[in-house]
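Notebook open, structure loaded. I'm jotting down what I look up as I go.

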Amino acid sequence: MSFSGEVKEELAKQLSRSRHCQLAELAAMIHFAGRISAEKGGTVLKISADHASIARKCYTLIKKAFSCNARINTAVNYGVVVEREEDVLRILQAVKLVDVNGVPRGSAELVDGLLVQKSCCRRAYIRGAFLASGSMSDPQKSYHFEIVCSAMAQAAQLCEIMREFVPDAKVVQRKKYYIVYIKEGAQIVDVLNVMEAHTSLMNLENVRIVKEMRNSVNRQVNCETANINKTVNAAVRQVEDIRLIQEKRGLSSLSENLREIAELRLDYPDAPLKELGEYLNPPVGKSGVNHRLRKLSEIAKELKEEEEQV
């Protein structure tokens with residue numbers, strides 16, 4: 001099972017105790033995956049689900065909140081179907097889609113503000129929206145959380161609700177749909193916490209810790225490798241400069257300090273500057289060794305310029 005499927009399996013087992021939160025979650029499922037149609041001379045409510053566990057949860061929410069008859073249609077995407085017109089009307093009235101007379105209220109894509117007044121209800125609404133129309137990428141590969149919306153107004157409203165908990169929620173259009181998404185790992189952890197997917201949250205955190213440690217080690221190794229390459233390249237240039245001086249003038253032409261460091265560099269071509277300084281008597285610090293080697297480099301540069309002029 002994918003990581004997204006595991007999250008949904010966990011959320012499907014999460015059932016709010018309060019009826020107002022149950023209504024908010026059910027409202028999200030109806031807004032994002034519901035369809036109202038006229039069949040057999042009556043009104044039928046159908047809510048599609050891509051997992052059997054989600055269909056069972058939707059069925060449970062309807063039974064607990066309304067004590068009415070519903071069935072799971074396993075033949076079509078595990079859809080939950082409510083066929084009794086009186087029950088459909090009660091549900092639609094409770095989620096503020098129709099008034100007491102059955103007349104539609106506002107847009108069928110937007111949740112009524114009364115249903116998401118409380119923070120707990122907003123959490124439940126986000127959970128229902130994700131169960132109905134959301135997905136997550138495998139955190140081993142990338143961090144991406146999204147909920148697909150059918151209209152821009154729906155996406156904007158959901159994004160506003162989510163931003164109470166995750167400030168970086170954004171909206172992007174993808175073909176004819178609008179996607180509310182989060183791409184930052186820490187905020188995906190936050191939204192899992194909001195939806196109360198605590199086991200999935202811990203699994204994601206474990207992945208993040210391993211990835212961050214691996215990245216840290218890679219950065220350190222790359223930095224050390226770059227430093228080693230820099231040191232080796234500098235040592236190779238220093239040896240080349242000293243050999244040029246040895247060939248053109250001889251090391252005996254150098255002052256005692258420069259001759260000593262030149263001979264040491266030839267004897268220990270791979271040694272770092274600090275180690276070279278410790279071989280001197282008396283010992284010299286890293287900056288002192290570097291200063292002397294720069295002097296040798298300047299002498300070699302003068303010799304090269306003389307050769308070019310000839």
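**Surface patches and a few residues**

I started with a nonpolar surface patch: Ile228, Val232 and Val236 form it, with about 250 Å² of accessible area together. Patch members have over 30% relative accessible area and no salt bridge, with nonpolar side chains (Val, Leu, Ile, Met, Phe, Trp, Tyr) joined within 5 Å and like charges within 9 Å. A salt bridge here is a Lys or Arg side-chain nitrogen within 4 Å of an Asp or Glu carboxyl oxygen. Areas are Shrake-Rupley with a 1.4 Å probe.

Housekeeping: this is a predicted model, so local features need pLDDT of at least 70 and side-chain atom pairs 80 or more, while totals for chains, interfaces and linings use all residues. Numbering runs from 1 along each chain as its sequence is written, and side-chain values use heavy atoms, without hydrogens or water.

I placed Val236 in helix α8 (residues 198-248); helices are DSSP runs of H or I, at least four residues, numbered from the N terminus. Val236 counts as partly exposed because its relative accessibility is 41%, where buried is under 20%, exposed over 50% and partly exposed in between.

Next I found a negative patch made of Glu298, Glu302, Glu305 and Glu308. Glu298 sits in helix α11 (residues 286-309) and is partly exposed at 44%.

Last, I checked Ala262 in helix α9 (residues 256-267), which is buried at 0%. Its C-alpha is 67 Å from that of Val194, 68 residues apart along the chain.

Key: Lys and Arg count as positive and Asp and Glu as negative; His and the chain ends are not counted. The place of a charge is taken as NZ of Lys, CZ of Arg, CG of Asp or CD of Glu. Helices (H or I, at least four residues) and strands (E, at least two) are DSSP runs, numbered from the N terminus. Buried means under 20% relative accessible area, exposed over 50%, partly exposed in between (1.4 Å probe, protein chains only).
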